[in-house]
Amino acid sequence: MFGAPDPSQLIPGGQLDVHLGSATVGAAALSFLGDSRTSWAGSPLPVTWPGTSCSFYTNHRTSAVQAVGPAGTASWSWPIPSGGAFAGAVLYAQWGVLEGGGSLPPFTLSQAYQISVGAGVPPRYETVSNTTGGSTGVKSTGVKSTLGHLGIAARLVVN
């Protein structure tokens, strides 16, 4: 499991580091960054991927793709633009994995996190989905001041 967000990085001019674990080696990992957890292109969120228990918990403003490494992990750093316009911005991060190779489901999704960009004060983070792949979960909210990274998925679970 990955550690907590680094408050010194989640400010304008810093970066949001996201990490994926327990994914299929060689699969394509997509890091999504959005600005809403309630709607995407006029449709309410979350949206469940057809035929699975996986859900999109954030809209899609931008994404990055990379191959899952030999340890089943992937990482991406999202730069936070400098300037006051992003201070206090709320973002949502989620991973998607294109399993390929006849896997069912062919696409799995991680949990999602809400991140508030600070202006020199420790950021708040909130889990907005569960970690079990089921229909219920526990919401976790807090302020962290220890160094570390924001863990987006410790394990992808498909029911």
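P46 sits in the loop between strand 4 (43–44) and strand 5 (47–48), where strands, like helices, are DSSP runs numbered from the N terminus (E, at least two residues, for strands; H or I, at least four, for helices). The peptide bond that leads from L45 into P46 is cis, with omega near 0 degrees. The model is a predicted one, in which local features need pLDDT of at least 70 and side-chain atom pairs count only at pLDDT 80 or more, while totals for chains, interfaces and linings use all residues. Residues are numbered from 1 along each chain as its sequence is written, and side-chain values use heavy atoms, with hydrogens and water left out.

The predictor's confidence in each residue, pLDDT, runs from 0 to 100; its mean over the protein chain is 74, and 67% of the residues reach 70 or more. Over residues 134–159 pLDDT stays under 50, and for this stretch the model has 92 contacts beyond four places in sequence, a contact being heavy atoms within 4.5 Å.

The protein chain holds 13 strands and 0 helices, so the elements from the N terminus on read β-β-β-β-β-β-β-β-β-β-β-β-β under the DSSP assignment. Among contacts in the protein chain with a separation of 6 or more, 67% are between residues 24 or more positions apart. Of the 159 residues, 45% count as buried, which means under 20% relative accessible area, with exposed being over 50% and partly exposed in between (1.4 Å probe, protein chains only). The accessible surface of the protein chain comes to about 7,800 Å², and carbon and sulfur atoms contribute 57% of that; these areas come from the Shrake-Rupley method with a 1.4 Å probe, and for residues only the protein chains shown count as cover.

Beyond its neighbours within four places in sequence, G34 is in contact with T58, N59, R61, L91 and Y92. The C-alpha atom of G34 is also 6.9 Å from that of T62, although the two residues are 28 apart along the chain. S31, likewise in strand 2, is buried at 1% relative accessibility. Leaving out residues up to four places away in sequence, S31 touches V18, T62, S63, A64, W76, W78, Q94 and W95. With W78, S31 makes a polar contact between side chains at 3.0 Å. A polar contact is a pair of N or O atoms within 3.5 Å; within protein, one must be able to donate a hydrogen and the other to accept it, and residues adjacent in sequence count only if both atoms are side-chain atoms.

Another side-chain polar contact joins E99 and T24, at 2.4 Å. E99 belongs to the loop between strand 9 (90–98) and strand 10 (107–116), and its relative accessible area of 14% makes E99 buried.

Side chains of opposite charge can pair when their charged atoms come close. The count here is 1 salt bridge, defined as a side-chain nitrogen of Lys or Arg within 4 Å of a carboxyl oxygen of Asp or Glu. The partners are R61 and D35, at 3.1 Å from N to O. This pair links distant parts of the chain, 26 residues apart: R61 is in the loop between strand 6 (55–56) and strand 7 (62–67), and D35 in the loop between strand 2 and strand 3 (39–40). R61 is exposed at 60% relative accessibility, whereas D35 is partly exposed at 39%.

Aromatic pairs number 6, the rule being that rings of Phe, Tyr and Trp (its six-membered ring) have centres within 6.5 Å, with planes under 30 degrees apart called stacked, over 60 edge-to-face and the rest tilted. The ring centres of W49 and F56 are 6.0 Å apart and their planes stand at 55 degrees, so the pair is tilted. W49 is partly exposed, at 30% relative accessible area, and F56 is buried, at 9%. Ring pairs join F32, W40, W49, F56 and F107 into a cluster.

Two residues other than glycine have positive phi values. For S22, phi is near 60 degrees; S22 is in the loop between strand 1 (15–20) and strand 2 and is partly exposed at 46%. For A41, phi is near 50 degrees; A41 is in the loop between strand 3 and strand 4 and is exposed at 78%.
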